[in-house]
Amino acid sequence: MALVDLVMPKMGESIMEATILRWHKKPGDFVKQDETLMDIATDKVDSEVPSTAEGVLEEALFNENDVVPVGAVIARIRTGQEAAVTPPAAVIQPPAGNTESVPLPDPRDIPYQPGPAHTVAKTSGARFYSPLVLNIAASEGISMTELEKIPGTGNEGRVTKKDILEYVAGDRKVRTEAPSAAIEQPTVAARETPQPMVIPSSQATTPPSAEPAVITPQETRSPVTYSGNVEIVEMDRMRRLIADHMVKSKATSAHVTSFSEADVTNMVLWREKIKKEFEKREGDKITFTPLFIEAIVRCLKKYPMLNSSIDGDKIIIKKDINIGMATALPSGNLIVPIIKGADQLNLVGLTKQVNNMANSARNNKLRPDDTQGGTFTFTNVGTFGSLMGTPIINQPQVAILATGAIKKRPVVIETEQGDSIAIRHMMYVSMSYDHRIIDGSLGATFVTAVVKELENFDVNRSF
């Protein structure tokens, strides 16, 4: 018999920890290879962790809702294979006169202990914080400036859940036992050693006060009361993440939105003409989304600055064009799967990718990699009848384009015989962009270029 270690898998470059949402098996249960063992959640997406071996689940080293670092052993499976045998457990020598061996404590009773604390000094940008750490900081009234001062014991000096809880507990103890005048002095031993501090670009550029901030303990805050007939609904985990990302984006980027209007009559008539044949031949329905993405990709090739990100005072222009597609979920939440290499796909390939990603998102089948690496985001706010929108940039990108509902309206058109009024299919196009590097002239030029691509759609094209 052999014991096989199951470790927390790495699910992306920036993801260093995950939260266990649910165990599908309990110790003693038989599990097949590739069978789902647990559900986990990161700040990007929920996913399943399959078993890497077949056998009996010997032990689960973490509980549900525990935050586990990538690479940590989370479970052990006893198999019938002779390979990958783990060393036998050490035995403590009994005292003299005792003939029985005493095994070491059950690993499940020993909480996970991170490695030695180390701080990584950074030359630009801010430390990464998981949503869990940010939520705890917000609930405890810890500002970003103070959060930067907390020494981290996680990978690359990141602050873990344990770090921030110990910090809060230490502050509360000192404030409870010390006189009020002592609050002026540092209250945690770790504060006595100066730590390198990086101020995020989204924070004010003025230096922080030399005096540490005074945090009000959670227990002493006055409870919030609500008047009238109200219903209180707790945000689910995804909604809290969305809220956090949106607030961060507005604090990071200088948002500007430009608008234009497109006559998409040719596109509407062409799709109406070929949609039945397309579905019969390709087995997929063609929507307007791949047509819009096709036009966006062509314009990004002409204006690559819109396909970039910012790192401190550097502009990183992306050569790959990976389009994020904002997708509404049945729960009302929003997720952005990525169509990678969109510039390498023809219309049929874009259609299949759009449909596959949308279906995977709605059925909670997205992989962690499906939501990473986007360089530009598109959202169709017209799907739900909205005429136009002012979308929020999906960090660390610098622009997001939105299309509104397509409506028939009488408009003036120019013909060889002169101006005339006709019924046309009209649609508003809007784009929010980061004014730190995208000026109004470039932003408006890009939107106009997309509109021209849509209006000059070839009604005689094939698919």
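Is Phe446 buried or exposed? Phe446 counts as buried, because its relative accessibility is 0%. Here, buried means under 20% relative accessible area, exposed means over 50%, and partly exposed is in between (1.4 Å probe, protein chains only).

## Before we dig in

This is a predicted model, so local features need pLDDT of at least 70 and side-chain atom pairs count only at pLDDT 80 or more, while totals for chains, interfaces and linings use all residues. Residues are numbered from 1 along each chain as its sequence is written, and side-chain values use heavy atoms, with hydrogens and water left out.

## Aromatic rings

Back to Phe446: it forms an aromatic pair with Tyr303, at 6.3 Å centre to centre and with 80 degrees between the planes, which is edge-to-face. Rings of Phe, Tyr and Trp (its six-membered ring) pair if their centres lie within 6.5 Å; planes under 30 degrees apart are stacked, over 60 edge-to-face, and the rest tilted. A search of the whole structure turns up six aromatic pairs.

This pair links distant parts of the chain, 143 residues apart: Tyr303 sits in the loop between helix H6 (288-302) and strand E12 (308-311), and Phe446 in helix H8 (residues 440-455). Helices (H or I, at least four residues) and strands (E, at least two) are DSSP runs, numbered from the N terminus. Tyr303 counts as partly exposed, because its relative accessibility is 25%. Elsewhere, Phe288, Phe292 and Phe378 form one aromatic cluster.

## A four-stranded sheet

Now for the strands. Four of them make an open sheet, ordered E5-E4-E2-E7, with antiparallel pairing. Strands E5 (46-50) and E7 (67-69) are the edges, each pairing on one side only. Two strands pair if DSSP finds at least two bridges between them.

Let's walk across it. Five bridges join E5 to E4, with Glu48 in E5 opposite Asp39. E4 and E2 share four bridges, and Trp23 stands opposite Met38 in E4. Strand E2 (residues 17-23) pairs with E7 over three bridges, where Ala18 has Val68 as its bridge partner. Strand E4 (residues 36-41) is mostly covered, with five of its six residues buried.

## A nonpolar patch

Val224, Tyr226, Val230 and Ile232 make a nonpolar surface patch of about 450 Å². Patch residues have over 30% relative accessible area and no salt bridge; like charges are joined within 9 Å, nonpolar side chains (Val, Leu, Ile, Met, Phe, Trp, Tyr) within 5 Å. A salt bridge is a side-chain nitrogen of Lys or Arg within 4 Å of a carboxyl oxygen of Asp or Glu. Accessible areas come from the Shrake-Rupley method with a 1.4 Å probe; for residues, only the protein chains shown count as cover.

Val230 lies in the loop between helix H3 (161-177) and helix H4 (237-252). Val230 counts as partly exposed, because its relative accessibility is 48%.
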